[in-house]
Amino acid sequence: MSFCQPVLIIMKDGIQVNKVTVVLNKVNLNIDFPPSSFKMVRFEQFNAYKQIKFLLIILLALCFLDVKSQEWKSKATNNTAARAGALSFSMNGKGYVGCGTNGTILKDMWEYNSTTNSWSQVANFMGSPRTGVNGFVIGNFFYGGLGWDLNINNSLYDMYRYNPATNSWTSIANYPGYGARVSFATSTPTRGYVGGGIKGTTTPYANDFWEYNPTTNSWSSLGFIPLGPRASGIAFSYNGYVYFGLGHNNSVDFNDLWRYNPANNSWLQMASFPGTGRLGSLVFELNGKVIVGGGHRLGVGVPLSDYYEYDIVSNTWKPICGFQVGNRTGSSSFVIGNKGYVTTGRMGSGSSQSFLFDLWEFNPNPYYVNDTLLCSGDSITFNVASAGATYLWHDGSSLPTYKTKNAGIFWVNVTQNNCTVTDTFKVRTNSSFNLDLGPDSTLCFSDTISFDITNIGASYLWEDNSTNPKRKVFQTGLYWAEVTIGNCTIRDSIFVTVLPDITLDLGPDSTLCFSDTISFDITNIGASYLWEDNSTNPKRKVFQTGLYWAEVTIGNCTKRDSIFVTVLPDITLDLGPDSTLCFSDTISLDITNTGASYLWEDNSTNPKRKVFQTGLYWAEITNGYCKRRDSLIVTVLPELTFSLGKDTVFCGTVNLTIDITTPGASYLWEDNSISPLRTITQPGLYWVELSKDGCKKRDSIRITKSNTLNLFIGNDTTICYNESILLDPKITSGSFLWQDGSVNQTYTAKFSGLYWVEVNSMGCMSRDSIQVTVNPKIDLELGNDTGLCVGDNILLSNQLASTGTFLWNDGSNGISLLASNPGLYYVQLNQGDCYERDSINIIEYQSPQINLPIDTFICLDESFVLDAFFEGASYLWNTGSISSKLVVLDSGLYSVSVTNACGTIKDSIYIDGKDCNCRIYLPNVITPNNDGLNDEFIPVYQCEIAEYELLIFNRWGNLLFTSTNVDLGWDGRFQGENASLGSYVYTIKFKVESENKYRRYLGSFTILK
């Protein structure tokens, strides 16, 4: 980087000095300063130098070149982070390293801040400690896990999500693939990809390939990677593609590279890594360039030190060097900005190995020269000297320096330690300077002037010390700008006058109620006015819907504002005058207005209401912004209370005096008499109407004369069993005496017998009786609920002796019904006017089923379990056992009979005993809760398996899982969901490499919590 900016300060008598000689490192430099490159400050401004004739201070920045930025630069170390096999990633300008091993399995996590060059510890990895961890970044989250626990050689399949914003981990869906340890892992912007890897320390390597969707938190199988079973390689992504390469398969270490296209699920082999095949390499991508190196050979623990750069676009490799501590393996790497970072790992091998905690920053452009601007007549010397380097400039020169005073495009090759770096740079002159602020200007208050003094490669300075080339001015004042390119500076100025603001604000759009107005006053001194209706008065009132605008003009400046006014329709509300009501009267109020809301004094909101009590009633109608309220006082007069009494029957002489005297009232009888007193001596219907305060009430009474009471409690009758009959003499006054001594007005009869009542009312007495007969209980019984075998039928009939007519659920009326299908059956038995109902539920029984395995063999020191279970059946084996299961220890023919209500079925199997040289161990319980113990059902073999098939069924015979891979077990999930707790059946068919006959196993196991 070069910079040249001489500053000349003349401080006495205004003497301008344009040339000065400076002695720098014992070398005389004669410097000519153009007039545009200095500033003058008078000497008298500095009291400390009053005795000096004159003082010349030159702030001179000679044109030095930042000759070399190291390719690998040591950064802050983290002593507590020494380890190998760690996970690493970067997000939001921070790098992260954690887990791994330094002899102890770790789970701590560390964050690197490149701005402060410092480390800080963050939340520990959520899962158990591990090494060989893998993961990827999607959006603002890191997704990682897998790996293995060196202490127990246990592969780990749990996965977690890290959120740097909250410094927290959460569990996500487990990895469903085979190889969890040192697998390949990377991501595109929306998906994660994992493949290959190792399950344990001795089991085969994997080549399955999986895609993770963070939106659904789910994994999808993508088939297999073309690299073959492999682990410990490199993985990266670029421009939507995924790249896998290098690694080993425990026999060969590789140097090939493959590209995966998620768009069409296809692979393409790319240019191979130019170094030797290896595992444990580091990898990071910088702007389409991928750095790969380090690692170690298979079977040779000594780390390698060669590094290469892969150009993704051109699909080519080239070596890079200069990494003095690059002989490392199992290192971590990440990218921040345009720099790559390498940390941790191990050096050496065996007992001499050491775990690393250093941090190195990789600069992809180590040698550079900035583009430069020269003032006219100046020259510049570029110096790229570096110890032990050789040089080649564009013109063939080989010195470490190059001097020029001409514009052009130049380049230099710097070769050091067998590495060559090329840099190209430009030199320009100041002939393209552009600075013109224009003439002095006058602005209206709200106007602005925009300046753009952009010049390529320039720096800028305004009078307010701002440095942006673009600026807007809207205040009165003197403005100037300087443009500096290299050591060249030019200046221009402008005076801006801003006229006073015009005051005009009609306010926001408004909504008015029907009777409201808005008043405007836009008066400005010395102004003229114009409204949309061509009126010119500064004051105005508005009360109608419409768009209104006004213009205020002062001199050459005009300001306009507008407002839209909406006047809402009038609200109709009239509750009427205050009212007085008679006791039983009401007033109906209806305040309905279209589009309105309503509120009454009792907080009700219905527009319609009825009023019938004394009180103050008000209503408020709201329509948009408008409200209107009205009120009403209602007075309800007291109820007129009087009664002529109940209708009366007289035995003998009729004599009844009625007094309905009420203060302030008037009276009118049916005979037009008006007295409140009335004496009645004859039978008949009498009524009176009482009036008071405008309200009226009428009552009547019937007077009957009879020598006897009209007493009747009913004809003799018959009722059904458990029914009753109410006996009522229909006389409301008097005394009552029933046959059992009770004195209630009515009597409930439930049993057969003679019932009578004696009534004494108004001097008259009478008696009546009734004979009640209760029919006997109807006997009906279809029996208990039962079952029916397929193809059978059952005759349904009444099991108790009864007569009458029958009605079945299918509409038939025979004394019996033949049922041949399962279901609910019912019948009703009618005897006269009485009936009884009963029902029976018939279920369908299944014939027994059995399916013993095909003939097989067992090892002489093993057992084999035969299971003939069928719901509700009994069992008989040819061994005499009556259990559903039979444990077989010897060879022979075994048969079983399974019997239920629908029949008997038989099956048999021949089991041959053999001396086996292979043992298989099968769990009888699994607990798939991701605690690392008994998480899956997987057989364990002590011999080499040539062909293999595992099938797992639920208790209903539905196939849940199948596998032809002896190392792939069932994790207790079906179609992405956890299977329910309980028992499951398995069958295993396999062939040992030394045998030509299949072996078969059948058994069961249980899923527990």
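Predicted model: local features only at pLDDT ≥ 70, side-chain atom pairs only at ≥ 80, totals over all residues.
Is Cys444 buried or exposed? Cys444 counts as buried, because its relative accessibility is 17% and the cut-off for buried is under 20%.

Cys444 has a partner. A disulfide joins Cys444 to Cys557, with 2.0 Å from S to S. The link has -95° about the S-S bond and is left-handed. Cys444 sits in the loop between strand E39 (441-443) and strand E40 (449-452), while Cys557 belongs to strand E50 (residues 557-567), so the pair ties together parts that are 113 residues apart in sequence. Cys557 is buried as well, with a relative accessible area of 6%.

How many disulfides does a search of the whole structure find? It finds five. The link of Cys444 and Cys557 is one of them. Two others are described next.

Cys720 and Cys834 form a disulfide, with their sulfur atoms 1.6 Å apart. The torsion about this S-S bond is about -100°, so the disulfide is left-handed. The link joins distant parts of the chain. Cys720 lies in the loop between strand E63 (717-719) and strand E64 (725-727). Cys834 lies in strand E74 (residues 834-845), and the two cysteines are 114 residues apart. Cys720 counts as buried at 10% relative accessibility. Cys834 is buried too, with a relative accessible area of 8%.

Cys789 and Cys902 are also joined by a disulfide, at 1.9 Å from S to S. The torsion about the S-S bond is about -100°, so this disulfide is left-handed. Again the link spans distant parts of the chain. Cys789 is in strand E69 (residues 786-789). Cys902 is in the loop between E79 and strand E80 (903-914), 113 residues from Cys789. Both Cys789 and Cys902 are buried. One further cysteine, Cys99, is buried with a relative accessible area of 0%.

Which strand does E74 join through nine bridges? The partner is E73, and the two run antiparallel. Within this pairing, Gln828 has Arg837 in E74 as its bridge partner. E73 and E74 make a hairpin with two residues between the strands. Gly832 of that hairpin takes a positive phi near 65°. Strand E73 (residues 823-831) also pairs with strand E71 (residues 805-808). That pairing is antiparallel and runs over four bridges. Here the bridge partner of Phe806 is Leu829 in E73.

Strands of a sheet pair through backbone hydrogen bonds, either parallel or antiparallel.

Elsewhere in the chain there is an open sheet of four strands. Its order is E16-E17-E18-E19, with antiparallel pairing. Which strands stand at the edges? They are strand E16 (184-187) and strand E19 (218-224). Each has a single partner strand, so one side of each is left without a neighbour in the sheet. Neighbouring strands of this sheet are turned by 20° against each other on average, direction ignored. E16 is joined to strand E17 (residues 192-195) by four bridges. In one of the pairings between these strands, Ser187 has Gly192 in E17 as its bridge partner.

Next come two backbone angles. Most residues other than glycine have a negative phi. Asn315 has a phi near 55°, a positive value in a residue that is not glycine. Asn315 lies in the loop between strand E26 (307-311) and strand E27 (316-320). At 25% relative accessibility, Asn315 counts as partly exposed. Gln975 also has a positive phi, about 55°, although it is not a glycine. Gln975 is in the loop between strand E86 (973-974) and strand E87 (977-978). At 71% relative accessibility, Gln975 counts as exposed.

The tour ends on the surface. Which residues form a nonpolar patch there? They are Val865, Val887 and Leu889, and together they have about 260 Å² of accessible area. Leu889 is placed in the loop between strand E78 (885-888) and strand E79 (892-900). Why does Leu889 count as exposed? Its relative accessible area is 53%, and exposed means over 50%.

Definitions and conventions. Residues numbered from 1 in each chain as written. Heavy atoms only, no water. Patch = residues over 30% accessible without salt bridge, like charges linked within 9 Å, V, L, I, M, F, W, Y side chains within 5 Å. Areas by Shrake-Rupley, 256 points an atom, 1.4 Å probe, with all protein chains shown as cover. Salt bridge = Lys/Arg side-chain N within 4 Å of Asp/Glu carboxyl O. Buried < 20%, exposed > 50% of the residue type's maximum accessible area, 1.4 Å probe, protein only. Disulfide = S-S within 2.5 Å. Pairing = 2+ DSSP bridges. Axes fitted to C-alpha atoms, helices over the stretch in contact; angles between N-to-C directions.
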